Amino acid sequence: MTGQPLSLPIPGVAPGTARRERRRALTGLAMLLPAIVVSLLFLYYPLVFIVQMSFTLANTFLSPAGPTATLENYGAMLNRYLPNLGVTIQLAGLATLVDLVFGIPFAYILVRKVRYRDIVRAFMVFPMFGALYIAFGMRFILLPGGPATPLFELFNIPNTAVLYSLPSVVFAMSIFTFPFMVMNVGTALSNVDPTLEEAAACLGARPWQTFVRILLPLTRAGIVAGALMVFGWSLGTFAEPLLLGSVNEQKTLAWTLYLKGVVQTDYGLATTMGVVLLAFAFVVTYFSLRYSRGALIE
Amino acid sequence: MIQRMNGKSGSRFGALLAATAMVFAACAGLGASPTPSAGAAPQCGPANAAAGTKHVCIVNKNMTDDEIKSAVAKEGNLVVANWTYTANDELVKQFKAYVKTTYGADIQFTYEGSQAPSVYLTKLYAAQKGGNPSPYDVMAIEENYWSEAMSNNAVDSYLPSDLVPNQKLVLDTFQHVPTSIGFQSTAFPAVVYEGSKAPFLKSLKDLANPALKGKITLPVSGDITAGGFLLGLAAEMGKDYKDPAQMKEVVDWMAANIAPNVLKYTSDSSEMQQLLRSGAAYAVTFWNSLARLEYFSGKNNDAKLLLPSAIYPVNGYLWIPRGAPHPVLAQIFINWRLGPDVQFPNKWPIDHGPWSELSEGFLGPDYVSQVPDWFTKDYFSYFPTLDQIKTQFKTVDWDAYNKGVKQWMDYYAQKTGQG
């Protein structure tokens, strides 16, 4: 046996491996580049402007004389517009609550009982195309002289008492965001093996016990993700309070932002409200993504 | 292992993001720096064109008819910013036909309509700030916006111009030579009410009557509808709208006495019409044109227009923004819009309601004969006479208004719970 040198491959230093890894990384980066550029240009670049504008006085950002720097807008946000933020959170919270109460049973029926669930899902997605249509539709139905008038007359209730009210705003918001809840909860439910429910039933568990002890823990992530998503979407609510709300509901930050920015051209204050809403939306989106990932994995 | 890798790429990504953010912040800083002003607009002196030519101030040229036709064909496009009229499509059709007949050119004509004209100003300022051409050729919006745009150096001079001969038909009261001219004479925020249900309404202060509890609408805070309403109320109360402190007193009185009667704060005319017709509201605050629309709708014969003792008109004015890309067509449009047959579009195939939206009073004596036969009997129930226009309508100092309005409008929003 002649002593031939052994050429055993040493992990991590095989010839050409490092080059291939580098090329793969560069290819990956090149494929991502268009998305990164588009995001930076059309998403983050405008955001930089918005933040910058929020530190300028009124409409001076666009004035020929140049912007006047100020912290007043954030002061006004703290001293004057916190109630508006409160109303926004209140409406979003109530809409989330309504969606939770009706969305979980609906998702259960959809996943477990409905045979043609794709058709049902397709119909459900419709509201997501426009909160404005929903609000206009509801206003048309509820306005005096509208289709619901005979019903109001039957119970001797003035149309406007229902139309311009907190419940009508929350109801319209809930309809718009309902699919977010059902889809998240539905996805989580699909991952739960139905035999677990059958086993629980065989062992004598009542339906509510099965729900509380089996389904709720196993779909928790989907429920939380759905709730956060509904809440996040509802923070920017605009059309429903405008068309259906009383003066109190019309205080939502998105509507106030519109009034300040578009009607009164106070871009500084409007963008400050936008920054606050964006910060809120970011936090909610972060948690919703975190939990929805959990829903899919679990 | 996975966590470590994520951490590593995360830190790289963080560094990349931070660097990018700094670059973009720097770029944004550059973008936000004030652009050098474009120099003063040329002042238009009296038209002094050579024989056979027309003096076109805004381009500072004497042009022959052929040159004008050539310029129209070359421009070939016009964008007008106005309100949302029911007859917008007809307006576009009529003007395109007019250009075709008079100048032999087919043009693209975009007629933008918005009930919040401040949107136009935002777009205009942003374009001018970025050194871009104006997105609009003609602004046809309320006088206060012209005043604001003037203070932002955003308006071009175009009067007098041989392309706008109809200027001479318009009373001096409705002209701001060289930059704008009124195309309305009697537009004002007003109260429209049900005559049988609120017969006691004789002044704006009467909106405080307890019989109107939950039965009135007021304008949403912020825009000129609310501003005009408060100007009228201030006049009734003997307060000076130029003094923000006095306007605050007006708002305080309104909040204490009228606000409790409010059913809804809205500037949506279709909602107001439905509330009025159904009896859910007895009085709505909008523009005086709503009374005519109700009259012509045939659905509400009881709607009346409240004429306050002092009327501050907030008329629409025609002006050309600095950097408008189609200045010749812009002037042709302005002249056309001021023509008696367009101010009173009696020959257009439109109903009486849309007609009454487009026609907003006499701009001068040459228009008086244009009142159509079908409206002769009731015209002066909805429009003032030329004498009334000259004597009873007050003029607004828009500079003073714009200086104080933010303060007291904000107060109005606060006191009425609108934010």
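Start at B:Phe333. Leaving aside neighbours within four places in sequence, B:Phe333 is in contact with B:Leu78, B:Val80, B:Phe95 and B:Val138. Contact here means C-beta atoms, placed from the backbone, within 7 Å.

A word on the source. This is a predicted model: local features need pLDDT of at least 70, side-chain atom pairs count only at pLDDT 80 or more, and totals for chains, interfaces and linings use all residues. Residues are numbered from 1 along each chain as its sequence is written, and chains are lettered from A and ligands numbered from 1 in the order in which they are written.

Back to the core. B:Phe333 and B:Val138 touch the most other members of the largest nonpolar core, which has 63 residues. Such a core is a set of buried Ala, Val, Leu, Ile, Met, Phe, Trp, Tyr and Cys residues joined through C-beta atoms within 7 Å. Buried means 20 or more other C-beta atoms within 10 Å of a residue's own; exposed means 12 or fewer; partly exposed is in between. Helix H10 of chain B, residues 327-338, gives this core its largest share, seven residues. Helices (H or I, at least four residues) and strands (E, at least two) are DSSP runs, numbered from the N terminus. Another core lies apart, with 58 residues, among them B:Ile224 and B:Tyr312.

Next, helix H2 of chain B, residues 65-75. Which residues of H2(B) are buried? They are B:Ile68, B:Ala71 and B:Val72. The face turned away carries exposed B:Asp66 and B:Lys74. The cover over the buried residues of H2(B) includes strands E1 (54-56) and E2 (61-63), helix H3 (88-103) and H10 of chain B. Just after H2(B), B:Gly76 takes a positive phi of about 60 degrees.

Now the domains. Chain B divides into domain 1 (54-186 + 315-383) and domain 2 (189-312 + 395-415); the bounds come from an automatic or database domain assignment. Their contact takes 13 residues from domain 1 of chain B and 15 residues from domain 2 of chain B. On the domain 1 side, H5(B) gives the largest share, five residues.

Last, the other chain. 35 residues of chain B are in contact with 30 residues of chain A. On the chain B side, H4(B) provides the largest share, seven residues.

Conventions: Two residues are in contact if their C-beta atoms, placed from the backbone, lie within 7 Å.
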